[in-house]
Amino acid sequence: MTKQCITGAPVNPSTRALHANVTSAFHNLQTDVDVTSSSSTSTTEGTLTPGSQHSESNRMADALGVLSVGSLAQINSGEQVESMVLQCVQIKPMASQQGQERYRVVMNDSVHFIQCMLAQQLNWVMHEGKLIKGTLVRVKQYQVNFVKDKNILIILDLDVMEEFSEQKLGQPIALGNPEADVKPKPGNISGDNMYGKQQPAKALPSRTNGATTNGSSHGTIHPIESLSPYAHRWTIKARCTHKGDIKTWHNKNGEGKLFSANFLDDSGEIRATGFNDAVDQWYEVLQEGNVYYISSPCKVQLAKKQFSNLNNDYELTFERDTQIEKAEDMDGVPQVRYNFTSLADLQTVEKDNTIDVIGVLQEVGEVGEIVGKTSSKPYSKRELTLVDNTGYNVRLTVWGKIAQDFDAPQDSVIAFKGLKVSDFGGRSLSLLSSGTMNVDPDIDEAYKLKGWYDGSGRNEQFQSHANTMSAVMASGAGDRKAYKTIAQVRDENLGMGDETDWFSTKATIIYVKQDNIAYPACLSEGCNKKTVEVDPGQWRCEKCDKTFDRPDYRYIMSVNVSDHTGQMWLSCFNEVGVQIMGVSANEMMAMRDDGEERKVTEAFAEANCKTFVFKCKAKMDTFQDQQRVRYQVQYANPLNFSLEAKKLADVIQKYSISDNNSLFV
């Protein structure tokens, strides 16, 4: 069970923001809307009796009476329309490149129709069946995007009305091109337009928090969810919900400092980071809880998920000319957005996932101290115990200054944002450095928990996840030797930490890099160091201080492997290379030296489509001044079909399908 709430703004049932690149989403869509200016009127299946025709006519008349006739033409001409009522005449799910659910709808005002996209926080109206073809809606908040020579309406907030008509109201026609009368001027194509068409003569109006932004000194206010690397000349109005401490780094390339802050508006959240001069310029200016206007130039790039717990694919980097101004008007900007997970549902959450939790503080431990394994620095920690009305408790650890200054009274309600899930002791939680804590927040969930705890919860007995998870481990679901899919390796950020992570994966080779597949190694037993050809036929090893008439070639390969969840590159050494190629590195290099390219090509072709169980280690590596995770194969085993069949049988048996309900005959 997952709950959602936004303080200081209407509750949104979904925290998943609309993908920023709306232009790309519509680029390949064809207008296949079956809304025409024909005088014929469609009817429902079957024959209408005179009585039903009269009833339908009355219903259509009632619906027409509340429709905002002509409102779409006003929007198309650049005007701002307050709270318009439209009819939904078509709904189609959209194909997404990132697995996010989206809906495309067509709205009608009886004169014109327009293509629209629902913001993802409105997906609940589809899930609950409230928005169907023929219903009337009151559009409360929207944004206009100019895409492929026409206006597209991005609906950010709406109310579904009771009025309904199975028939299309009026005889609507498509809106004309609002830029048809604007003649293109000669000159370079603006970089702001990714499809190369001329930019509109004026910025289209947007509607944010019920207020028009035309004429504002800040120009058009963009929602956070619309930001992408393709957006230019934008301004957001957002609340700073978290500001981290200043961090410093020292490495071979130099030293520097940085800080990060989280910003929130009613469409989503985004993380922003400032480096060096930006730290001096903005760290003291930005204060948690205040609302700011942030304007480009400000770099929008893919988010580094290992450093952020926000549900956004992008993040900001402050630049030298980034503009930040405190907003005096804070209306319409929510305080904090939560996506709560109940304590009972923790056993269904994967290890290392980041979640939000609200609970009653039952116990407060003393401040302790641990020493980091790699840094040898001391860290303060304090353990708390939370309970909620699902009958479970959980241990939660806070760190650093929060642990030292923690003074929340026992039995208070605390909302945590940005908790990392651990499987220690069944299930436990840890507050990340980018996470936040709010004592007795002014939200409905807090009042419900407080009422329950004061009424009966104080005397209840709570269950721990230690017992439930031990049963899962006993069943084999928590087997550490279990294979990980490639998607799991990436999702669990293996190799991102200070220590080496180990995993096994069953994957198929789909490509082997053919350049630099081997190196000339020393012939001395146990050396394997690279030799250098000092003279023809003379190979010298500096470590052994010996010269040989030939080297011992050893594989050092990069292979691309795949399973049903994705692909990844693996680094392999000699023993694994021999298994993959079927011949030694000496034989392979001999074939190349003899000009037998056909045999070499065949050997690489035969290596493809081989399936192995790879035992790998994941470790952060630095290459050309860039950090990346390197996956190195320690050994590779061919598939043991008997063992693999037994594993599949064990998985099927865990479902405990009875004979009466069996799917098998």
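**Cysteines, core and surface**

Modeller: Start with C116, which is buried because its relative accessible area is 0%. Buried means under 20% relative accessible area, exposed over 50%, and partly exposed in between, with a 1.4 Å probe and protein chains only. This is a predicted model: local features need pLDDT of at least 70, side-chain atom pairs count only at pLDDT 80 or more, and totals for chains, interfaces and linings use all residues. Residues are numbered from 1 along each chain as its sequence is written, and side-chain values use heavy atoms, leaving out hydrogens and water.

Biologist: How many disulfides does the structure hold?

Modeller: A disulfide is a covalent bond between the sulfur atoms of two cysteines. Here the test is a pair of cysteine sulfur atoms within 2.5 Å. The structure holds zero. For C116, the nearest cysteine sulfur is that of C88, 8.5 Å away. C541 is in no disulfide either; the sulfur of C522 is its nearest, at 3.7 Å. C541 is buried, since its relative accessible area is 1%.

Biologist: Which residues have the most contacts inside the largest nonpolar core?

Modeller: In soluble globular proteins, nonpolar side chains tend to be buried together. A nonpolar core is a set of buried Ala, Val, Leu, Ile, Met, Phe, Trp, Tyr and Cys residues joined through side-chain atoms within 4.5 Å. The largest one here has 37 residues. V561, L570, I580, M581, M588 and F614 have the most contacts inside it. A contact means heavy atoms within 4.5 Å. Leaving out residues up to four places away in sequence, M588 touches I517, Y555, M581, V583, V600, A603 and F604.

Biologist: What share of the whole chain is buried?

Modeller: Of its 665 residues, 45% count as buried. The chain has 13 helices and 34 strands. Helices (H or I, at least four residues) and strands (E, at least two) are DSSP runs, numbered from the N terminus.

Biologist: Now the backbone. Where does S110 lie, and is it buried or exposed?

Modeller: S110 sits in the loop between strand 3 (102-108) and strand 4 (112-118). Its phi is near 85°, a positive value in a residue other than glycine. S110 counts as buried because its relative accessibility is 13%. S83 also has a positive phi, about 45°, and is not a glycine. S83 lies in the loop between helix 3 (71-76) and strand 2 (84-94). At 30% relative accessibility, S83 counts as partly exposed.

Biologist: Which peptide bond is cis?

Modeller: The one from S296 to P297, with omega near 10°. P297 is in the loop between strand 14 (291-295) and strand 15 (298-302).
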